[in-house]
Amino acid sequence: MNTADLLSSLQKSARSVPISDIMKARAFMVRSASSLPKKYREAYSTELFNYLYTIFTEISNSKQPEMNETIDAEEYDDLMKRLEQMGISEDKNQKYFNQLVNLTAPYLVFIVKKPIHPIGMVFPGGDQVLEKDGIYYCPVKDKQNNVECALCKFCICRDAEELIKGDKWKMEV
């Protein structure tokens, strides 16, 4: 598969998703974040949803990628298996959230090569996804490698520790 084929497939799927399904995905995100502290609740239920919705809209309206690249079949299959592992909770709206992520994650990973979480999204501890000199950094990138359903392995972000070490190195020189 290549990026043009993947985009075409994602577009076809995205264009068939009714807005009511998107609203149900949003409802799931709000409910699942309801027990989080306000700062993180808003990051998850609002910032992340807005990012995923923007990406979803971008998929629907995208033109073919400028560079048609071959997608590593093993990496693609691994991503799709991880997405399947998200499962379904007691909240019947999770399937709509999963549907949204199933569309946006492959697009972010293979086509536009952007972070899975929005730049500036705050994680517990106050750290956030950053961009510096065109490189993305995430505070949880390497901490999630052993989590079965985490998508961090596929995200373009580097671990934020690299940025910290790089800045220390620059200060010492």
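Let me begin with Asn2, which, setting aside residues up to four places away in sequence, touches Asn68, Glu69, Thr70 and Ile71. Please keep in mind throughout that what we have here is a predicted model. Asn2 sits in the segment before α1, the helix that covers residues 3-15, and its side chain reaches the backbone nitrogen of Ala4 at 3.1 Å as well as the backbone nitrogen of Asp5 at 2.7 Å.

If we leave aside neighbours within four places in sequence, Val101 is in contact with Leu52, Leu83, Met86, Pro106 and Leu151.

The largest pocket holds about 780 Å³ of space, and of the 30 residues lining it, Tyr44, Leu48, His117, Phe123 and Ala150 are the closest to its centre. Helix α3 gives the most to this lining, with five residues, and by class the lining has 25 nonpolar, four polar and one charged residues.

The second largest pocket has a volume of about 190 Å³, and of its 14 lining residues the closest to the centre are Asp127, Gln128, Pro139, Ala160 and Ile164. Here the largest share of the lining, four residues, comes from helix α6, residues 160-172, while the classes divide into eight nonpolar, two polar and four charged.

Key:
Residues are numbered from 1 along each chain as its sequence is written. This is a predicted model: local features need pLDDT of at least 70, side-chain atom pairs count only at pLDDT 80 or more; totals for chains, interfaces and linings use all residues. Side-chain values use heavy atoms; hydrogens and water are left out. Helices (H or I, at least four residues) and strands (E, at least two) are DSSP runs, numbered from the N terminus. A polar contact is a pair of N or O atoms within 3.5 Å; within protein, one must be able to donate a hydrogen and the other to accept it, and residues adjacent in sequence count only if both atoms are side-chain atoms. Contact means heavy atoms within 4.5 Å. On a 1 Å grid over the protein atoms alone, a cavity is a set of points where a 1.4 Å probe fits but cannot get out, and a pocket is an open set with protein on both sides within 12 Å along at least five of seven lines; lining residues have an atom within 4 Å of a point. Grid points are joined across faces, edges and corners, and a volume is the space filled by probe spheres set on the points. Ala, Val, Leu, Ile, Met, Phe, Trp, Tyr, Cys and Pro count as nonpolar, Asp, Glu, Lys and Arg as charged, and the others, Gly among them, as polar.
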